[in-house]
Amino acid sequence: MNKARRNLAHSIAAHTLLLSYTILALFPVFVILINSFKTRKAIFRHPLTPPNPDSFSLVGYETVLKQGDFFHYFQNSMIVTVVSLFFILLFGAMAAFALAEYRFRGNVWMGLYLALGIMIPIRIGTVAILQMMVASGLVNTLTALILVYTAQGLPLAVFILTEFMKQVSDDLKNAGRIDGLSEYAIFFRLALPLVRPAMATVAVFNMIPIWNDLWFPLILAPSEATKTLTLGSQVFIGQFVTNWNAVLAALSLAIIPVLALYVIFSRQLIRGITAGAVK
Amino acid sequence: MKMKYKLGGLLLAGTILGGALSATAEEATISIESWRSEDLAIWQDKIIPAFEASHPGIKVKFTPTSPTEYDASLNSRLAGGTAGDLITCRPFDQSLAVYEQGNLADLTNLEAMKNFPDVAKSAWSTDDGSVTFCVPMASVIHGFIYNKDAFKELGLSVPQTEEEFFAVLDKIKEDGTYIPMAMGTHDEWEANTMGYYNIGPNYWKGEEGRLALIKGTQKLTDKDWVDPFRSLAKWGAYLGDGFESQTYSDSQNLFTLGRAAIYPAGSWEISGFNTQADFAMGAFKPPVPVAGQDCYISDHTDIGMGMNAKTANPEAAKAFLNWMGSEEFASLYANALPGFFSLSKHSVKLDDPLAQEFVSWRETCKSTIRPTYQILSRGTPNLETEMGRVSANVIKGTVTPEDAAAELQKGLESWYKPQQN
Amino acid sequence: MLWAAWFAQGIHGGNMQTTVRKQRFKWHIVVFLAPAVLVYSAIMIFPMIDTLRLSLFTQEGSKEVYVGLKNFQTLFHDPNWSGQFWNALGNNVWFFIIHMLVQNPIGIMLAAILSVPTLRFAAAYRTVVIVPTILSFVIVGFAWKLILSPLWGIAPGILDAIGLKSWFHPWLGKEEYALTTLALISVWQFIGIPMMLIYAALLSIPQEILEAAECDGITGFSAFWKVKLPLILPSIGIISILTFVGNFNSFDLIYVAQGPVAGPNYSTDILGTFMYRTFFGYQLQLGDQNLGAAIASVMFAIILVGVCIYLFTVQRRLRRYQF
């Protein structure tokens with residue numbers, strides 16, 4: 001078998017695998033999307049049929065847009081998610097760099113201390129957090145949410161980034177030091193660009209629970225002005241009657257911005273490493 | 001680094017925006033905590049405007065939380081001091097616990113309380129009856145809703161006795177056009193709430209059996225309490241294929257899309273079904289085991305309204321609670337939400353025929369509430385939670401009615417003193 | 001701030017790369033660590049300690065009473081609680097095993113295929129794999145319940161079309177299948193995470209190493225097994241421990257799909273759902289913060305032991321390569 005033919009065979013096998021996985025990954029999303037454009041009856045009569053003139057209906061989207069200022073909710077979710085991610089990545093990378101780069105007493109313990117947070121769900125600490133926010137007058141502000149999500153995301157960020165920081169070449173850093181770069185310059189200009197793929201992963205990992213969180217917006221910022229999208233869509237899920245049209249529409253709308261965020265992160269950061277700009 | 005500043009600015013902007021907007025709340029605004037998300041439109045369009053018209057200077061906001069999060073989030077917000085002024089009360093122990101923690105105000109002497117009978121108030125009073133902490137709002141009644149068109153098509157008439165009930169189910173099954181009954185066991189609470197509590201009162205003779213159980217003179221293993229399980233055990237054969245994974249909303253959809261003939265119901269379904277079903281619906285009360293015997297229905301005190309003990313606007317909140325005892329509110333609420341029946345002494349005229357059918361049973365049958373709600377679910381294992389799990393198992397046939405009852409009795413005895421002899 | 005003084009003392013000890021430097025206080029280490037440590041201690045550690053403290057108390061009326069380890073005794077010796085606990089722990093272990101056996105190998109495989117430089121549409125595939133991960137639990141729960149439902153006909157219809165109708169069962173409602181089904185849904189949802197991490201690790205492998213291997217005639221599958229896999233072992237270690245931590249903390253999917261009682265018959269109850277049900281209550285069962293905190297403490301201990309085993313044994317043995 002010659003090389004070209006073998007490559008072709010490999011490539012076909014790879015694409016077959018990836019395509020079947022694509023179908024598996026997208027099928028449920030496809031089901032949600034087509035059904036968000038259908039009447040309630042059509043959703044349950046023929047869940048797999050795409051909307052046709054008979055079953056097409058925008059009633060879900062109309063309800064969503066009528067009930068509350070969804071654009072504003074969108075904006076709140078976006079601010080909270082992006083700002084929290086920014087602080088998680090910045091603070092997390094800084095701490096990870098310190099843990100990976102310097103030997104000091106208590107290094108391992110500090111690492112373990114910072115990892116404790118991934119072992120207990122923060123939700124059980126709700127009352128203490130709420131009391132703290134009440135005391136500092138942060139209830140019903142987006143800052144309260146940003147603080148909580150930053151704290152919640154840090155342990156994982158430090159945990160993952162430390163591992164990747166350790167793989168950054170010592171020679172490179174020492175060369176920087178000989179050139180007279182400060183430790184801060186070494187971090188921002190040498191180390192940070194090299195761990196960009198890992199940061200993208202951390203970003204994606206954290207983005208989802210923040211964007212989809214219902215609990216803390218409900219407790220810390222339920223006011224109309226600070227409502228997030230996820231909290232806003234909850235209004236359609238009732239005790240006995242759930243408005244599936246509206247839920248599906250709201251959730252379909254909510255997928256788009258997270259997907260956009262993801263594409264931005266992955267493209268930007270993965271390109272950073274493959275371009276090999278720093279090496 | 002440029003990015004950092006941009007984001008920092010955004011953060012600051014967000015803080016100022018959030019802070020500024022939250023400070024604009026008016027002083028005479030009261031907000032209502034509720035788990036009834038689906039009632040949002042009714043409150044916004046009907047109830048609140050009616051109140052505000054007669055009470056200038058008080059603004060009311062209805063801020064529901066999704067029902068699965070309600071209790072947990074309410075308790076957290078009460079502890080943190082950020083809960084609303086008025087609090088929708090679940091019946092019995094849940095609200096009692098909130099009252100005992102000092103979070104619900106004592107409303108015993110509220111003017112409007114005289115408009116409610118003691119039975120209605122018992123769901124929101126301390127065990128000795130000395131303090132009442134929520135204004136009763138509504139009760140819900142169990143029964144069966146059926147597809148009238150399907151019954152006509154198959155030439156069926158409404159069953160009165162258990163025997164007739166199963167005969168009707170047999171006929172529907174034989175014909176095969178319709179699934180005889182829309183119910184699933186995936187959400188376990190559906191099995192006890194729509195099944196056991198629905199048909200049970202006819203066997204344990206309503207209040208008589210319920211109070212005997214609390215006193216310890218009857219046991220869950222007595223014939224009166226096992227027989228409804230025996231009846232329930234036969235239901236599995238008449239449910240849809242794969243009913244084991246059928247959820248509560250699946251059951252609702254199955255019925256309202258016209259695929260099932262009978263729906264074991266609570267009256268709360270009426271308003272939802274009215275908008276969703278495009279066939280005529282009727283209702284029949286739980287069939288009696290023996291023709292001609294007295295009938296009993298589950299007429300359960302389900303929802304009330306209390307006042308946050310730490311509210312900043314107690315006068316405005318009390319004004320609202322007093323208005324809830326008025327005839328205007330009773331009629332407005334009962335007609336806006338057919339199936340939630342007023343608990344006040346005012347006689348309310350219901351426009352909805354299906355709701356009228358349900359409420360008419362109060363005249364011929366004796367009312368009782370769900371047996372596990374008062375006192376009996378205070379320990380571990382929790383009788384209410386166990387009831388759901390065990391009822392589901394009985395319908396699925398994975399446990400016999402006798403074993404199911406024995407299991408429940410054992411759990412109850414393990415912590416409830418009056419049952420220990 | 002005691003730790004700061006103790007810690008600052010340590011910083012004088014010197015630094016890994018530049019031991020030649022003078023022994024002066026290394027402010028930059030404090031600057032690097034301070035923001036994370038401060039935010040995290042105030043908003044995570046403090047509330048958690050405050051909550052875990054509750055496990056040593058009980059509520060009598062509106063008063064808190066210290067009871068020592070009584071809550072833990074209840075949890076392990078009262079058959080009402082210990083039965084549920086061991087059931088939840090067993091289910092949790094099975095939940096974890098499925099993730100390790102299905103999610104991680106498939107994630108690694110996908111990452112390996114995607115990292116082949118000549119692969120076309122790699123960016124598109126990469127995005128597709130992550131799509132389930134960004135969905136909210138509400139939507140995942142709804143979509144899969146709709147698909148797997150016996151009533152609305154998607155799964156039965158598809159199985160019928162390929163002649164396997166008899167394979168269909170109401171999976172989510174059967175004790176013997178429900179947990180495995182949910183674990184597979186969870187795998188479906190989260191596979192993007194190991195894929196991304198491994199992908200990032202594979203991309204960090206310098207081209208020179210692969211080219212050198214190619215010169216030795218090592219290409220394709222054997223290049224993956226012999227060259228790449230050993231290099232990404234630390235990352236595989238990380239995803240294993242993250243899967244472990246994530247699984248023993250998870251709760252949302254089961255809560256959304258099966259409700260707080262994790263039916264049928266508690267067959268899908270895992271530690272997270274058990275803890276939430278106890279802590280926040282369900283229906284007429286009032287929340288018991290003290291017992292809930294005791295369960296949370298036990299979960300914490302289990303996870304801590306797992307993480308320590310990883311940190312102090314597995315991770316130390318993994319050889320790390322610097323590029």
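Reader: In this predicted model, at roughly what angle do the axes of helix α7 (residues 142-165) of chain A and helix α10 (residues 196-212) of chain A cross?

Author: Two packed helices are described by the angle between their axes and the distance between the axes. Here the axes of α7(A) and α10(A) come within 10 Å and cross at roughly 155 degrees. Since angles over 145 degrees count as roughly antiparallel, α7(A) and α10(A) are therefore roughly antiparallel to each other, and their crossing is right-handed.

Reader: Which residues of α7(A) and α10(A) meet?

Author: On the side of α7(A), the residues are A:Tyr149, A:Gly153, A:Leu156, A:Ala157, A:Ile160, A:Leu161 and A:Phe164, and they meet A:Ala198, A:Thr201, A:Val202, A:Phe205, A:Asn206 and A:Ile210 in α10(A). Divided by class, the residues of this contact are ten nonpolar and three polar, with no charged residue among them.

Reader: Turning to the domains, where do the bounds in chain A fall?

Author: The domain assignment of chain A gives domain 1 as 1-57 and domain 2 as 61-274, and the C-alpha centres of these two domains lie 30 Å apart.

Reader: How many residues of domain 1 of chain A are in contact with domain 2 of chain A, and which elements give two or more of them?

Author: Six residues of domain 1 of chain A are in contact with six residues of domain 2 of chain A. On the side of domain 1 that touches domain 2, the elements giving two or more residues are α1 (3-36) and α2 (40-45) of chain A, and α1(A) gives the most, with four residues. By class, that side of domain 1 has three nonpolar, two polar and one charged residues.

Note on methods
Residues numbered from 1 in each chain as written. Chains lettered and ligands numbered in written order. Predicted model: local features only at pLDDT ≥ 70, side-chain atom pairs only at ≥ 80, totals over all residues. Axes fitted to C-alpha atoms, helices over the stretch in contact; angles between N-to-C directions. Parallel < 35°, antiparallel > 145°, perpendicular 65-115°, else oblique. Left-handed = near helix turned anticlockwise from the far one by under 90°. Contact = placed C-beta atoms within 7 Å. Nonpolar A, V, L, I, M, F, W, Y, C, P; charged D, E, K, R; others polar. Domains from an automatic or database assignment.
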